[in-house]
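Student: Hi, I'd like to go through this structure with you, piece by piece. Can you start wherever you like, and I'll ask as we go?

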Amino acid sequence: MEQVSTHHSHGGTQGVYSHKSAATGTTMTFSVFVPDHAPGERLPVLWYLSGLTCTHANVTEKGEFRAACAERGVVFVAPDTSPRGDGVADDNDYDFGQGAGFYVDATEKPWATHYRMRHYIEEELPVLVAAQFPVDMSRQGITGHSMGGHGALTIALRNPGRFRSVSAFAPIVSPLNCPWGEKALGGYLGPDRNAWRAYDACALIEDGGRLPALLVDQGDADDFLAEQLKTHLLAETCNRAGQPATIRMQPGYDHSYYFISTFMPEHVRWHATMLAAPASEQESEAAGIEHR
C-alpha cells in the first residue's frame, strides 16, 4: 500500500492510498478517514460505495462526513467504483465500463479479466484495511449512493452477520427491473437472468436475505427515480418479507452530492449508534430514527 496524500481535518486524518489489487489485476485507489483516537484503540468502520462515473474522490471531497465521523469515532472508507488503467476494457457510455463496475464479478469477455469488484470489496480490501488501519472489524456498517447503494445493499445481503448497519442514498434497488441494471448485468454476466439475482437487492430479500438495520433516503426530485431507482420496489419487497426498513422520501432533493451531503451526517450518526450498541439493542435503536 502506498500513501498518495494525507490531510488533517475535523480532528482526524484524511488519507488517500493506492495498492496493486490481485482481484482486479490493476492499481486501485481508495480513501480512509481516521478520527483522532487513543493509542491502541480500534474504531468501528463505515464503508461507502460510490455511484456511476465516480471515484473515491467524489465523496471524499463533497460528502461532508468527517465532522460526524470524528464526533462519533467512526473510520470512513471509500473505494473506487471499477478497475482503471491501460489494458482495462472500457465502453463509450458512462453507465458501463470504467467508472461503472456495478460491484459484480464479471463472467463475460472482455470484462471478466479485470472487473471483479465484488471480490475486491467483499474480500481483498477489507483484509488490507484491517491490517493497515485501527479498525474493529466486528463493528462494520456499509452505505452507498445510486450504483453504490445497490452495492451496499447486495453486499450486505450476501454476507449475513458481517454488517451491523446498512444505509443507502438513492440506491438502484432492483437492477433486474431498470435500464442501468439490465445493461450492466447483461454485459458483465451474460443473458441468464437467474445469475443476476445475486446482484439485485429486492431479489435477494425475496430469496430470504435479511438485514439487521436499514435506512434509505431518496429525493423526490431525483430525475432517475421513476425509470432507474424505483424505490417503491424496495419498500414493497421489505413489507412483503417483513424486513424492517426506514425508507424516507425527501421533498425537493435530487440525485447530487447536495442531497447526499445534507443527510450524510445523520447517516453517520445512525451507523455509529448501531455499531456502538450491543447486538441485542440494535433493533430498538434502529426504531429511533424518524420515519418520513
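Predicted model: local features only at pLDDT ≥ 70, side-chain atom pairs only at ≥ 80, totals over all residues.

Student: Ok, and which residues of helix 5 are buried?

Tutor: Helix 5 covers residues 179–189, and the buried ones in it are Trp180, Gly181, Ala184, Leu185, Tyr188 and Leu189. Because they cover an arc of only 105° around the axis, they are on the same side of helix 5.

Student: What covers those buried residues?

Tutor: The cover over the buried residues of helix 5 includes helix 6, residues 193–196, and helix 8, residues 225–229.

Student: Which strands does it pair with, and in what sense?

Tutor: Strand 4 pairs with strand 6, residues 135–144, in the parallel sense over six bridges, and within that pairing Leu46 has Gly141 as its bridge partner. Strand 4 is also joined to strand 5, residues 75–79, by three bridges, and these two run parallel as well. In this second pairing, Trp47 stands opposite Val77.

Student: Gly141 again, then. What stands opposite it in strand 7?

Tutor: In strand 7 the residue opposite Gly141 is Ser165. Strand 6 and strand 7 run parallel and are joined by three bridges, and strand 7, residues 163–169, is largely enclosed by the rest of the structure, because seven of its seven residues are buried.

Student: How many residues of strand 1 are buried?

Tutor: The count is zero among the seven residues of strand 1, residues 2–8, and the strand is hardly covered. Strand 1 runs antiparallel to strand 2, residues 12–20, with six bridges joining them, and Gln3 stands opposite Tyr17 in strand 2. The hairpin they form has three residues between the strands, and there His10 takes a positive phi near 50°.

Student: What about cysteines, how many disulfides are there?

Tutor: The structure holds zero disulfides. Cys178 is in no disulfide, and the nearest cysteine sulfur, that of Cys202, is 10 Å away.

Student: Are Cys178 and Cys238 buried or exposed?

Tutor: Cys178 counts as buried at 2% relative accessibility, and Cys238 is buried too, with a relative accessible area of 3%.

Student: Now a couple of loops. Where does Arg116 lie, and what is it in contact with?

Tutor: Arg116 lies in the loop between strand 5 and helix 3, residues 117–132, and with a relative accessible area of 28% it is partly exposed. Leaving aside neighbours within four places in sequence, Arg116 is in contact with Ala22, Ala23, Thr24, Val104 and Asp105. Arg116 and Thr24 are 92 residues apart in sequence, but 5.6 Å apart in space, C-alpha to C-alpha.

Student: And where is Gly252?

Tutor: Gly252 lies in the loop between strand 9, residues 246–250, and helix 10, and it is exposed, with a relative accessible area of 60%. Not counting residues up to four places away in sequence, Gly252 touches Asp220 and Ala221. Gly252 and Asp200 are 52 residues apart in sequence and 27 Å apart in space, C-alpha to C-alpha.

Student: Last one: what is the mean pLDDT of the chain, and where is it below 50?

Tutor: The mean pLDDT of the chain is 95, and 95% of its residues reach 70 or more. Over residues 280–292, however, the pLDDT is below 50, and this stretch has 24 contacts in the model beyond near neighbours in sequence.

Technical notes
Residues numbered from 1 in each chain as written. Heavy atoms only, no water. Disulfide = S-S within 2.5 Å. Buried < 20%, exposed > 50% of the residue type's maximum accessible area, 1.4 Å probe, protein only. Helix = DSSP H or I, 4+ residues; strand = E, 2+ residues; numbered from the N terminus. Arc of directions from axis to C-beta. Contact = heavy atoms within 4.5 Å. pLDDT = per-residue confidence, 0-100. Pairing = 2+ DSSP bridges.
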